[in-house]
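Keep the picture at hand while you read the questions and answers.

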Amino acid sequence: MIPFLDALASRVLVCDGAMGTMLYGKGVFINRCFEALNLAQPGLVAVCDREGVEAGADVIETNTFGASRLKLRAFGLGDQVHAINLAGARLAREAAGDRAYVAGAIGPLGVRIEPWGKTGVDEAREYFREQAAALVEGGVDLLMLETFRDWNEAAAAIDAVRSVCDLPIVAAVTTEDDGNSLDGTPAEQFGPALVARGANVVGVNCSVGPAPMLETVERLADACGDVPLVAQPNAGKPRDIEGRNIYLCSPEYMAPYARRFIASGVRLVGGCCGTTPEHIRQIALAVQQLAPDLAR
């Protein structure tokens, strides 16, 4: 396979859906540490990875979103950071083969960092560096920094990744319906800031459905020039139905938005919470129908 950024320059790539949603759908209780399944039930994680590839994803994410030392410590697993991230990367690598790129997923630490909280920026960088190093050892093709509410924390994660490798970095912030980050930073500010810090691809994921995300993407496109964008919306906002969080945007609803994202400058398109392999399959078909030469 050609390098990830070369592929992204030549065609639109489709990213997989929500690992947490898939594991939850397979009977894993919501209070479990999903990342620990990389060691405890690797076969189950591997099935989810393969389903993403089979649905048409060009990029699959490792099951490591919450595998920082801080988040694992809450489950008594703080000493297994390296093992859990390494296993997650290797499982995804095996499932992807030469059919898809593997993105090492890194999420926020779950605490506020300076200047908003007590955790220092240097301390945050070390947590991210530890996770990134294990993912790189496991053979990922790129690092996916996603669902950050504070662009300052995302910047610390970029610094950490750059301290261990020169692999491509995708950095995605989560926003409100108004297109501002959860900390109130507008897209016109956090997009260029992340590019200046060293991200190769910037954009938005999670929190909102495809309709409000489209408006944010359009603002990012204006602010970031020729920088490739990523968009991974939730399948709408969750509804509590008989004690279960259900996302109501159907695959058929989300697919047309994939085409609209692409028209607005998105080069990497996928889904976040609530999206399933069928959502990804429909998004991949939408990409192919929009421009058949973008297909594999």
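Two strands pair if DSSP finds at least two bridges between them. With that in mind, please remember that this is a predicted model.

Q: Which residue in strand 4 does I106 stand opposite?
A: Strand 3 and strand 4 are joined by 4 bridges and run parallel. Along this pairing, G104 faces L143 of strand 4. I106 stands opposite another residue of strand 4, L145.

Q: In what order do the 8 strands form the open sheet?
A: The pairing in this sheet is parallel. At its edges are strand 1 (13-14) and strand 2 (59-61), each of which pairs on one side only. Reading across, the order is 1-10-7-6-5-4-3-2.

Q: Which helix does the chain cross through from strand 4 to strand 5?
A: A β-α-β unit made of strand 3, helix 7 and strand 4 is right-handed. The crossover from strand 4 to strand 5 is right-handed too, and the helix on its path is helix 8 (residues 151-164).

Q: At about what angle to strand 3 does helix 7 run?
A: Helix 6 (residues 81-96) lies across strand 2 and strand 3, at about 155° to strand 3. Helix 7 lies across strand 3 and strand 4, and its angle to strand 3 is about 160°.

Q: What kind of aromatic pair do F4 and Y101 make?
A: A pair of aromatic rings is described by the distance of the centres and the angle of the planes. Planes over 60 degrees apart count as edge-to-face. The ring centres of F4 and Y101 are 5.7 Å apart and the planes are at 75°, so the pair is edge-to-face.

Q: How many residues apart in sequence are the parts that F4 and Y101 tie together?
A: Both of these residues, F4 and Y101, are buried. F4 belongs to helix 1 (residues 4-10) and Y101 to strand 3 (residues 101-106), so the pair ties together parts whose distance in sequence is 97 residues.

Q: What kind of pair do the rings of F128 and F148 form?
A: F128 and F148 are both buried. F128 lies in helix 7 (residues 121-137) and F148 in strand 4 (residues 142-148), so they tie together parts 20 residues apart in sequence. Their ring centres are 5.9 Å apart and their planes are at 55°, so the pair is tilted.

Q: Which residues touch the most other members of the largest nonpolar core?
A: This core has 61 residues. F261 touches residues including P210, M213 and V269, leaving out those up to four places away in sequence. The residues that touch the most other members are L194, F261 and V269.

Q: Which residue follows helix 9?
A: In helix 9 (residues 187-197), the buried residues include F190 and L194. The helix's buried residues pack against helix 8, strand 5, strand 6 (201-205) and helix 10 (210-224). After helix 9 comes a residue with a positive phi, near 130°, and this is G198.

Note on methods
Residues numbered from 1 in each chain as written. Predicted model: local features only at pLDDT ≥ 70, side-chain atom pairs only at ≥ 80, totals over all residues. Heavy atoms only, no water. Phe/Tyr/Trp six-rings, centres within 6.5 Å; stacked < 30°, edge-to-face > 60°. Helix = DSSP H or I, 4+ residues; strand = E, 2+ residues; numbered from the N terminus. Buried < 20%, exposed > 50% of the residue type's maximum accessible area, 1.4 Å probe, protein only. Contact = heavy atoms within 4.5 Å. Axes fitted to C-alpha atoms, helices over the stretch in contact; angles between N-to-C directions. Right-handed = clockwise from strand over helix to strand, strands pointing away. Core = buried A, V, L, I, M, F, W, Y, C linked by side-chain atoms within 4.5 Å.
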